[in-house]
Amino acid sequence: SQQGEEDPQALSIQEGENATMNCSYKTSINNLQWYRQNSGRGLVHLILIRSNEREKHSGRLRVTLDTSKKSSSLLITASRAADTASYFCATPPPGGGSQGNLIFGKGTKLSVKP
Amino acid sequence: DTGVSQNPRHKITKRGQNVTFRCDPISEHNRLYWYRQTLGQGPEFLTYFQNEAQLEKSRLLSDRFSAERPKGSFSTLEIQRTEQGDSAMYLCARASTGPDTGELFFGEGSRLTVL
């Protein structure tokens with residue numbers, strides 16, 4: 001079953017611009033994660049935000065979480081061509097189990113043109 | 001480097017053949033996961049090991065699929081009598097050390113093409 005749903009499905013911007021991706025989920029969570037995947041490669045963990053946090057920063061990344069709206073956003077500032085990748089949000093399963101049994105959305109495909 | 005090595009990176013096989021993928025975490029991490037990712041989709045959880053014990057299995061893991069982690073270090077995922085629908089990227093991940101926060105570190109994956 002799908003928990004997270006990213007929006008937009010695809011995003012094309014120029015280098016230097018900011019990129020914003022959104023994720024909506026269905027059930028209560030205790031944390032939400034964002035991952036990046038370059039074409040044909042494995043996923044890279046970017047950031048984890050807990051349910052009691054509203055905003056978190058890591059370098060050029062800024063993640064927000066609104067538990068009342070069941071949504072999160074990932075902002076990449078001053079984008080670079082190397083940021084071209086697919087970005088996924090992931091949440092733990094409802095009802096318990098290992099926290100690593102993640103449910104991923106379909107992802108946002110970001111293309112940054114030089 | 002995420003500390004997870006997967007082999008082979010690519011496998012092309014004919015329908016009906018058996019295939020095996022191997023995952024080697026760099027050191028002994030007690031929590032290890034397998035995921036499957038089809039084209040244009042996010043990864044889907046298959047199974048989870050804590051040490052050598054397989055604690056969770058997804059309904060996606062049909063009886064043609066079997067995973068093992070015999071000594072709590074490397075793990076294998078075998079698919080018997082492959083079908084075209086098995087074509088996908090198979091990803092292995094280790095959990096971060098310490099409390100189970102769900103942060104995963106993925107290998108580069110093994111891409112399976114069933115002809």
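**Entry 1: charges and surface, chain A**

I began with the charged side chains of chain A: 14 are positive and 9 are negative. I then looked up the centres of the two sets, which lie 4 Å apart. I note here that the model is a predicted one. Next I took the surface of chain A.

I went through the secondary structure of chain A. I found eleven strands and zero helices. Read from the N terminus, the elements run β-β-β-β-β-β-β-β-β-β-β. Along the principal axes, I have the C-alpha trace of chain A spanning about 45 × 30 × 20 Å. I then turned to contacts in chain A with a separation of 6 or more. Of these, 55% are between residues 24 or more positions apart.

**Entry 2: strand β8 of chain B**

I moved to chain B and picked strand β8, residues 75-79. How many of its five residues are buried? I count four, which leaves the strand mostly covered.

I looked for the partners of β8(B). Strand β3 of chain B, residues 19-25, runs antiparallel to β8(B) and is joined to it by five bridges. Across this pairing, B:Thr20 stands opposite B:Glu78. Strand β7 of chain B, residues 65-68, also pairs with β8(B) in the antiparallel sense, over four bridges. Here I noted B:Phe65, whose bridge partner in β8(B) is B:Ile79.

I followed the chain from β7(B) to β8(B). The two strands form a hairpin, with six residues between them. In the turn I stopped at B:Gly72, which has a positive phi of about 75°.

**Entry 3: B:Val4**

I ended with B:Val4, which lies in strand β1 of chain B, residues 4-7. Is B:Val4 buried or exposed? Its relative accessible area is 10%, and buried means under 20%, so I log B:Val4 as buried.

I listed the contacts of B:Val4 beyond its neighbours within four places in sequence. Among them are B:Cys23, B:Asp24 and B:Pro25. The list also includes B:Cys92 and B:Arg94, as well as B:Phe105, B:Phe106 and B:Gly107. I also took one distance: the C-alpha atoms of B:Val4 and B:Tyr35 are separated by 14 Å, with the two residues 31 apart along the chain.

Methods:
Residues are numbered from 1 along each chain as its sequence is written. Chains are lettered from A and ligands numbered from 1 in the order in which they are written. This is a predicted model: local features need pLDDT of at least 70, side-chain atom pairs count only at pLDDT 80 or more; totals for chains, interfaces and linings use all residues. Side-chain values use heavy atoms; hydrogens and water are left out. Contact means heavy atoms within 4.5 Å. Lys and Arg count as positive and Asp and Glu as negative; His and the chain ends are not counted. The place of a charge is taken as NZ of Lys, CZ of Arg, CG of Asp or CD of Glu. Buried means under 20% relative accessible area, exposed over 50%, partly exposed in between (1.4 Å probe, protein chains only). Two strands pair if DSSP finds at least two bridges between them.
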